[in-house]
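Trainee: I am new to this structure, and I would like to understand the terms used for it as we go along. Could we take them one by one?

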Amino acid sequence: MPDFKSPYKILPNHNLIIEYYSGDIDFVSFMNFKKKLIAEPLFTPTLNILIHFKNATFKITDEEINKYIHFSETDIKVVGKRKIALITKTPNQVVVTTLFKMIQRIKSKSVEIFSTKEAALRWLNIKDLSTTEVTLILNDLHNKTLS
């Protein structure tokens, strides 16, 4: 797998962040990305998140998952009521995202795992954003990982 890349798009009018991951996801790179995202002026802790992991491989331990969950449950800039839709394809992705879902303790954060963006969008209940629009955004984010 190529180096970790994680472009994103914040859609405040849809109360949504779309994150796209590519390459090997290690803990330090993942945390650096999350801290960069939180520093964005448009970021709020109540934005729902659609995360596309299909082109990534996790290189994260169970202990590191716990460290990230602790961060996401205690950092005031991150804690908020939201839905997080995780889109996966491989057993590696399913295992890590399932561990994340099982370990997270904040009840105001609802996490679900999907194999398609259509199912994720239905669950997020974003009526004014079409699957076609999300596909175009994901394609644009994918292209950013190639450069």
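This is a predicted model: local features need pLDDT of at least 70, side-chain atom pairs count only at pLDDT 80 or more; totals for chains, interfaces and linings use all residues.

Trainee: What is the average pLDDT of the protein chain, and where is confidence lowest and highest?

Mentor: On the scale of pLDDT, the predictor's confidence in each residue from 0 to 100, the protein chain averages 89, and 97% of the residues score at least 70. Confidence is lowest in H2, at a mean of 85, and highest in strand E1 (residues 8–11), at 97. Helices (H or I, at least four residues) and strands (E, at least two) are DSSP runs, numbered from the N terminus.

Trainee: Why is Glu 19 called buried?

Mentor: Buried means under 20% relative accessible area, exposed over 50%, and partly exposed in between, with a 1.4 Å probe and protein chains only. Glu 19, which is found in strand E2 (residues 16–26), has a relative accessible area of 0%, so it counts as buried.

Trainee: What makes the pair of Lys 34 and Glu 19 a salt bridge?

Mentor: A salt bridge is a side-chain nitrogen of Lys or Arg within 4 Å of a carboxyl oxygen of Asp or Glu. In Lys 34 and Glu 19 the closest N and O atoms are 2.9 Å apart, and the pair therefore meets that rule. Because Lys 34 lies in helix H1 and Glu 19 in strand E2, the pair ties together parts that are 15 residues apart in sequence. Lys 34 is buried as well, with a relative accessible area of 7%.

Trainee: How do you know that Glu 19 makes a polar contact with Tyr 21?

Mentor: A polar contact is a pair of N or O atoms within 3.5 Å; within protein, one must be able to donate a hydrogen and the other to accept it, and residues adjacent in sequence count only if both atoms are side-chain atoms. The side chains of Glu 19 and Tyr 21 make such a contact at 2.5 Å.

Trainee: Why are Lys 144 and Asp 140 called partly exposed?

Mentor: Lys 144 has a relative accessibility of 45% and Asp 140 has a relative accessible area of 38%, so each value falls between the two limits for that term. Their side chains meet in a salt bridge at 3.8 Å, N to O, and both residues lie in helix H5 (residues 131–146), 4 residues apart, about one turn of the helix.

Trainee: What makes the pair of Phe 30 and Tyr 68 edge-to-face?

Mentor: Rings of Phe, Tyr and Trp (its six-membered ring) pair if their centres lie within 6.5 Å; planes under 30 degrees apart count as stacked, over 60 as edge-to-face and the rest as tilted. By this rule there are 10 aromatic pairs. Tyr 21 and Phe 30, at 5.9 Å centre to centre with 35° between the planes, are tilted. Phe 30 and Tyr 68, at 5.0 Å centre to centre with 70° between the planes, are edge-to-face. This second pair links Phe 30 in helix H1 (residues 27–38) with Tyr 68 in helix H2 (residues 62–74), 38 residues apart.

Technical notes: Residues are numbered from 1 along each chain as its sequence is written. Side-chain values use heavy atoms; hydrogens and water are left out.
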